Amino acid sequence: MVFCIKIERRRYNEVIKNLKVHPDYAPFFEGNFAYIPLADHTGEECNPPLRSRTKKLNQIVPGLRSYYIVGEIALITDQGDEKDYSQAASYILNIYKKVRSVYLRKKVTGQLRINQISLIAGKDDPVTEYKENGLRFVVDVSKVYVNPTMANERIKVSESLRSISVLDAFAGYGPFSLHLARKKIPVVAGDLNLDGLYMLKLSAEINKLERWIDVVQYDASYLPFRDSSFETVIADNPTIVEKFKEELCRVGKTVIFYTLSESEDEASRKIFKTSWIRVNDYAKNLYIFKGTIRCDHESR
């Protein structure tokens, strides 16, 4: 039995130098967290890879940068060029014993933010439950987009908001909504994706947070709310959020936009001029930027 300490990924280099790491096992990463196996058997039970078997995935598939583990599922992002990912999938299944399915995931498309996925290895079952910051989520990775690398960002937003009326405009399976509900912030969770909203309701019930969340299905092009209905709108749909910016600003006094751009200047051109913060990597030379807009501001 092996035990690990769990820390924020950004603190890895700072923390590991002060720890006695298990000589036979290697640290590993999931989303924004690092798990470090310790020689003194303190921490939480974990399943780290053996050092003798540890390889970088780009040694197995050239150009392969990363993969996500969501519950019992591993998602490899397609790099194009019809690469063969079977060896990488077998390696993941061998290293992470809790993973029972490995899927290839292509880029997000459409307003529903759904990935095309195909099974590479393991059991063909895209439904799983995973934990994020102490919350439990039920997800079907074939029907909703899951990005565990945004876990820290969701914590930051939920801890910073003091609003009494929030719209999670592209709620999906509910990661932002449940983080807000846990802080006892009332939130309206809306999306076009009915499957995602169903998962959100299941997760809200599991976490006993349903009293704080109202679920609404809509097309974000025509939001079913009066002008300035919400103090804050969270607009986490980076691939196409610019298509809805006017409607989001109509219903919200303040909108937190997430957009895909190469630079802050591009984000300002696509959305509105403001201070943009780079919060996550997405692809080569493409990043997720966050910007907060006061919708009565002259920058519009």
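Here are some questions and answers about this predicted model.

Me: Which residues touch the most other members of the largest nonpolar core?
Reply: Happy to start there! The largest nonpolar core has 35 residues. At least two of its residues come from each of several elements, including strand 6 (73–77), helix 5 (175–182) and strand 15 (252–261). The members that touch the most others are Val-139 and Ile-234.

Me: Leaving aside neighbours within four places in sequence, which residues is Val-139 in contact with?
Reply: Contact here means heavy atoms within 4.5 Å. With neighbours within four places in sequence set aside, the partners of Val-139 are Val-70, Pro-126, Val-127, Thr-128, Tyr-130, Val-144, Val-146, Tyr-173 and Met-199.

Me: In strand 10, which residue is the bridge partner of Glu-129?
Reply: Strand 9 (residues 127–132) and strand 10 run antiparallel, joined by 6 bridges. They form a hairpin with 2 residues between them, and Asn-133 in the turn has a positive phi of about 55°. Within this pairing, Glu-129 has as its bridge partner Val-138.

Me: Why is helix 5 largely enclosed by the rest of the structure?
Reply: Good one to check by eye. The buried residues of helix 5 are Pro-175, Phe-176, Ser-177, Leu-178, His-179, Leu-180 and Ala-181. After the helix comes Lys-184, with a positive phi near 60°. Helix 5 is largely enclosed because its buried residues number 7 of the 8.

Me: Which strands stand at the edges of the open sheet of 4 strands?
Reply: The strand order is 5-6-7-8, with mixed pairing. Each edge strand has a single partner strand, so one side of each is left without a neighbour in the sheet. The twist from one strand to the next averages 25°. The edge strands are strand 5 (67–70) and strand 8 (117–122).

Me: What angle does the direction of helix 3 make with that of strand 8?
Reply: Helix 3 (residues 86–95) packs on the sheet. The helix touches strand 5, strand 6, strand 7 and strand 8. Between the direction of helix 3 and that of strand 8, the angle is about 60°.

Methods
Residues numbered from 1 in each chain as written. Predicted model: local features only at pLDDT ≥ 70, side-chain atom pairs only at ≥ 80, totals over all residues. Heavy atoms only, no water. Core = buried A, V, L, I, M, F, W, Y, C linked by side-chain atoms within 4.5 Å. Buried < 20%, exposed > 50% of the residue type's maximum accessible area, 1.4 Å probe, protein only. Pairing = 2+ DSSP bridges. Axes fitted to C-alpha atoms, helices over the stretch in contact; angles between N-to-C directions.
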